[in-house]
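My entries follow in the order in which I looked things up.

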Amino acid sequence: MKFLILLLPFLGFANKGLEITKKVDQHNDGFIGDKSKMEMILINAQGDKITRKLLSYTKEIKKDGDKSLIIFKIPKDVEGTKMLTWSHKKDDDDQWLFLPSLKKVKRIHSSNKTSSFMGSEFSYEDLGSQEIEKYTYKFISEDDKSWKIERIPVKKSGYSKQISTISKKYMNPIKVEYFNKRKELMKIATFDNYKEFSVSGKKIYRAGKIHMKNLLTKKESILNWSDRSVGIKHKDSFFKKEALNESF
Amino acid sequence: MKVFSLLFIALSGFSLTEFSAETGFFQRLFKNDGNPITESYNPAIGLKLKFKHKNESFKAKVIIDSLYDFVDKDRFYLYPEEAWIGFDDGDDIIKLGFQHLNWSSTEAFRPSDIINSRNFDGMIKNANKIGEPMISYKSIFDNSSIMAFYAPTFIKPLLPGSKNSFGAFPDFNKTEVIKSKTEVDDDIFHHQFGAIFNFTLGKSDIAIHYANHIDRSEPIFPIIFLNPFVPIEVIPTYYRVSQVGLTSQTAIFESILKTEFVYRNYLDYEGFIKNSTFFNKSTLDKKDHFIGTMGIEKNFSLGEGELTILAEAISTFSASNSQRNSAIFDRDALLGFRYAFNDTQGKEINFSIISDLKDFHQHIINLDYSQRIYENWKIETGINFVDSIVKDNYFGAEGIDTADYVYLNLKRFF
């Protein structure tokens with residue numbers, strides 16, 4: 001019994017972490033769909049910079065994870081490559097890659113998310129859909145402007161845990177600290193340039209910039225969004241694998 | 001380039017137009033095959049032009065590929081990979097013009113990848129395709145799609161010439177298609193049609209296809225003799241084949257399982273060879289048969305990079321012995337890996353070995369490396385090694401046993 005009493009505050013914190021995450025998730029519900037141009041600046045330890053360009057489309061799916069399509073524009077040798085992801089709340093995501101030179105749509109396994117995305121400090125896991133069900137949560141602290149929550153992946157992940165600082169105004173993260181499997185602080189992402197969008201009378205905020213710093217390699221990556229539209233009703237067929245070798 | 005793009009935008013009002021190009025210097029050096037006719041060193045330049053235009057539901061695309069060899073002057077080609085106009089409202093797509101279709105699910109052995117002729121100048125494992133004039137219609141449903149095409153012409157494959165170390169062939173003056181048990185013709189007009197139904201079931205992408213076409217993947221080479229000792233001509237000859245097939249890609253146990261099963265029916269023309277006066281009849285015999293391919297692909301994170309292990313095998317069933325022996329791939333297995341460094345230069349290593357499972361006397365080994373240098377340049381290099389004991393009269397890989405080479409490509413993207 002004593003053991004249970006000692007455990008209760010932690011259970012309470014765990015529930016509070018989940019409650020806040022659910023609240024944040026509900027606040028971001030109803031965005032319908034979005035599209036944007038993405039620019040990724042890769043900075044090595046010596047400060048040299050390289051830029052990558054992508055197009056991004058997302059469609060909100062009720063009662064399941066979102067569907068997203070990324071089209072690679074620069075570097076030119078991979079231009080036209082497309083990655084379609086159907087994320088799911090509990091199950092592994094469905095993911096396909098379209099290779100324009102072969103005109104081929106390949107199903108790829110989504111469990112392997114820990115590798116780098118286009119040579120950046122972002123992994124596929126960082127950029128993929130962040131469904132609530134894929135983590136357990138623990139409330140850490142709060143102040144006037146933010147909550148701090150720890151989340152631990154339920155399934156295979158490149159991280160042992162993540163600590164998110166969530167803005168009460170934007171209802172989105174402003175900072176995420178990523179801990180590697182050895183439980184060392186490995187990367188820090190800061191979210192800036194939040195922009196307000198109005199969708200069906202609801203205010204939704206989206207970050208215009210994520211700056212990811214790798215503390216171990218001293219490399220950095222910056223993701224900038226431009227020409228972003230939220231509340232777009234994309235056609236269902238746009239997110240189907242059958243359309244990957246047809247869409248422009 | 002910008003001037004071109006702006007011009008098209010101005011002409012078409014609110015639309016999207018892109019113009020891009022890829023050029024390169026391609027060099028390959030073959031092991032000396034002892035043949036005084038073939039060229040061991042092939043320095044060449046290549047140019048690929050790409051144009052895309054979209055305006056509401058109208059779209060158009062053109063990709064033209066070309067290559068010129070400075071030493072082997074016969075090694076020159078210029079053809080459209082794609083050149084079509086189309087209507088696309090997202091659910092229904094109609095396209096008219098030179099198109100390029102790929103129905104395969106596996107990586108190396110692809111018996112379902114039969115549409116389009118190929119350019120056999122390079123690697124047999126992944127020969128480039130030539131666009132073919134056709135009209136196609138695709139309709140996309142909830143979890144499925146159907147696509148049908150009709151192609152009125154037969155575009156012949158690009159076979160290596162006599163100076164090409166890939167070719168055990170003389171220069172061909174003409175190409176023929178078998179029309180009936182007693183007739184061939186060299187007409188370019190031949191009806192070809194087919195359809196594919198794709199659907200997703202759980203974690204499986206499944207496709208069922210049918211095609212009635214001139215089989216360009218496996219030409220036969222009848223030798224016409226003046227008398228038993230004097231050959232006068234070899235003419236690449238193609239059969240009409242009706243093929244049904246089932247392909248799949250399934251996510252299972254953190255891997256992708258890939259299969260292809262096809263049945264090839266040589267229609268009523270099986271008797272052509274028997275009725276003919278060719279002297280190499282036994283090597284030309286074609287019989288209806290099944291082909292099955294199965295493969296597995298598994299990815300691993302390795303540091304910041306990604307390692308992909310690939311294994312595939314192919315076998316032909318109920319074909320004649322000569323047909324099985326003469327097929328480029330039959331009872332073969334591939335084992336390979338790809339390591340993508342996932343770095344800013346896009347460094348990548350590919351290795352594969354294809355072995356003959358009948359008696360392990362044929363092996364094709366590939367090792368390739370590529371990376372970007374600066375942003376718009378890419379270097380590709382590698383070695384291709386064919387190890388075969390010539391025992392069945394140039395069957396399978398035996399015909400290219402001397403085609404060991406190293407290559408170095410430098411590409412520039414615009």
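**Interface of chains A and B**

I looked up the contacts first: 46 residues of chain A are in contact (heavy atoms within 4.5 Å) with 61 residues of chain B. The model is predicted, so I note that local features need pLDDT of at least 70 and side-chain atom pairs pLDDT 80 or more, while totals for chains, interfaces and linings use all residues. Residues are numbered from 1 along each chain as written, chains are lettered from A and ligands numbered from 1 in written order, and side-chain values use heavy atoms, without hydrogens and water.

The size of an interface is often given as the accessible area lost when the parts come together. I found about 4,200 Å² buried between chain A and chain B, with 44% from carbon and sulfur atoms; this is the area lost to a 1.4 Å probe, summed over both parts.

I then looked up the salt bridges (Lys or Arg side-chain nitrogen within 4 Å of an Asp or Glu carboxyl oxygen). Chain A and chain B share 15 salt bridges. In one of them, B:D91 meets A:K235 at 3.5 Å, N to O.

**Sheet in chain B**

I recorded an open sheet of three strands in chain B, ordered β11-β10-β16, with mixed pairing. Strands are DSSP runs (E, at least two residues), numbered from the N terminus, and two strands pair if DSSP finds at least two bridges between them. The edge strands are β11 (184-185) and β16 (237-238) of chain B. Strand β10 (176-178) of chain B runs antiparallel to β11(B), joined by two bridges. I noted B:V184 in β11(B) as the bridge partner of B:I178.

Note on methods
Buried area = accessible area lost by both parts, 1.4 Å probe. Helix = DSSP H or I, 4+ residues; strand = E, 2+ residues; numbered from the N terminus.
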